[in-house]
Amino acid sequence: VTLHLLHDVLALGVPFSVALLLAALGEMFNQRAGVFNLGCEGIMAMGAFLAFLAPHLLGGTAWGPWGNLIGLGLAMASGLLLGLLFALVTVSFGAPQGIAGIGLQMLGWGVAGTIFRKFIGGVTGVEGIAAWPIPGLSRLPWVGDILFNHTPLAYLAFLMVPGAWWLLQRSSWGLRVRAVGTHPRAADTMGISVVQVRYQALMLGGALAGLGGGYLSLCQAKMFADDLVAGRGFIAVALVYFGRWTPLGILGGALLFSLAQALQLAMQVNGIHFPYEFAVMLPYALVILVLSLARRSRQLGPAALGKPYDRERRA
Amino acid sequence: VSHRIRLIHAGGVILLAAAAALGVASAVLLAIGASPLATFAVILTGPLQDLFGFTEILVRAAPLILVALGVAISFRSGILNIGAEGQLQIGVLASTAVALAWPELPRPVLLPLCLVAGVAGGAAWGGVAGLLRAKLEVNEILSTVMLNYIAAQLYTFFLRGPMIDPEELVSGSGTPQSMRLPEAAWLPRLVPGMRVHAGLILALVLAALVWLLLWRTTFGFRLRAAGAGPKAARYAGIQVERSLVLAMLLAGGFAGLAGAVEVCGLHHRAIEGISSGYGFAGIVVALFGGLHPAAIVPAAGFFGQLLVGADMTQRSEGVPANMVLVLQGVIILAIVSAKMFIDNPYAIERTGRLLRRLGLVAVPAADERGEP
């Protein structure tokens, strides 16, 4: 029975982690470049909504078969644009990042909610993206369901973990990102444009957060509601701290969170009852706990995190 | 740089920021097929058409002032409290619990007790984030956001479970709401037949007290010093961690009081969705009011009008209420951006040069040119 429960928890939890993983990898690039983007939550809401909207509108037309792909494209594009807006406010204007992030969160959430309420209204389902079981491997006993029976976006997200590591640690762009996040003045002196690299990182981070939102509506929930994102954007930001700004650490954190959520669901299914509200609280309480324990890892973070850079001012 | 250039510069930046904010909001309105002009016209004039609309603005201004005062204290003390929404709900729970536990108490005892309970509940909830920041260096934005989600779940748990009105269970409708508060716990209404209540007066008095506290007491000076420059403050012997916790206790207390005022003054029972976003709108009000009580009061009036007006546009123009969030978001982004330009000496200098080239300001005499 325990083994059975463990299997259920893993099979449920692994797909839950994808949205968090995508958004947190994006946020990692933002923070490695020195910008703390709390607007992640709003970007995910916008991405989730647009990814849902395209197949919802295109269903039944000649474009129908492409609806999901167009939706994911729109989600990434909107994330990129919101990242650009955030870059304008925090990098070019040098506004305080914490409050600006809350503003971006309200904006993304508000725009998605306004258009949704106007044209669609209540909770509406979509067909979404079906799982692609990997032939052969998905029929392996026990682990097949857990590892090889997911939507294509999930495989892509897991492949992004080594991809993000390579981009950050082995590519010249990654070196520039780490340089502007650690010592922007030194990077500037070496001829790296701090503004340009931070813009690029924020646009990449936004696109990934948008894609994470798209995963939520098309692959995970297969529907959209105003409060679909429910704090996952903020949890993704916390995961970056927890994962010590590394892709592997973030993957571990995303799995930990989704397994906790899956455990709670599996316990309810298996007849262990406790008030629903406390079950919903669990991931949020876990974030606070994790942040309290991650105190010492904070010193490993990018040195220039949260500090606007102005080349005209003396350090 | 002359005083005049500074003024023109600040005015220009504010106008540009306002235009950008209105531009984004208009784009969203156009996207949903509503007329931006008609929508803004309804928001600006609709609530002022009659006494009811005007008093409704004041009804919303009271909690907004209280939340914004707390937010201003915390921001000025260097701790960004985003958790007013949760602190407010805990305040509602605490004051409702006290009112329902001792319904026999006379008004002069029960009403203050309820308000104090709200303050205590909110302060406890905010204090958690303050302690986490001071002792364990947990980012207060993330912790207060998470505490908001937790408080929202606690709130519905209590309304559906332990605190639900027994009549709801008898009638079977099961609406999650508490019993009606005894009348001794009600705040008096100010205008016969209207909903505006004494919470507004309380908020105005507290606005004056917060000004005194922050700018006329040593305690307030310590808080502001810790916020303005923690290193310098520590060097001067100020216990920065202590002032962070105290600031969060105060901020939470104000948000909790806003909750108590909503339940004692307006709804007379704890209902679902009681905060209606005041916790977030209060942050915008505090920023819009420059984190100063004297400007927070009119800013709360303006946002009260925005909220009442948005309700009206929902009916007249078919604009969903979520539009308020869009406006709040763009206003925050516009304010934080504009602030960076208003005090930036380089930006002021550039404006000065532009004005001189356009011939709008006289070229300074040779002996003045040397100054920065």
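A salt bridge here is a side-chain nitrogen of Lys or Arg within 4 Å of a carboxyl oxygen of Asp or Glu. The count between chain B and chain A is one: A:Glu277 and B:Arg160 meet through their side chains, at 3.1 Å, N to O.

Before going on, a word on the ground rules. This is a predicted model, where local features need pLDDT of at least 70 and side-chain atom pairs count only at pLDDT 80 or more, while totals for chains, interfaces and linings use all residues. Residues are numbered from 1 along each chain as its sequence is written, chains are lettered from A in the order in which they are written, and side-chain values use heavy atoms, with hydrogens and water left out.

Now for the rest of the interface between the two chains. Contact means heavy atoms within 4.5 Å, and buried area is the accessible area (1.4 Å probe) that two parts lose on being put together, summed over both.

| Chain B with chain A | Value |
|---|---|
| Residues of chain B in contact | 49 residues |
| Residues of chain A in contact | 49 residues |
| Area buried between them | about 4,300 Å² |

Of that area, 76% lies on carbon and sulfur atoms. On the chain B side, B:Leu142, B:Met146 and B:Leu333 lose the most area to chain A, together 14% of what that side buries.

Elsewhere in chain B, take B:Ser243, which sits in helix H11 (residues 240–267); helices are DSSP runs (H or I, at least four residues), numbered from the N terminus. Leaving aside residues up to four places away in sequence, B:Ser243 touches B:Leu223 and B:Ala226.

Note on methods
Helix = DSSP H or I, 4+ residues; strand = E, 2+ residues; numbered from the N terminus.
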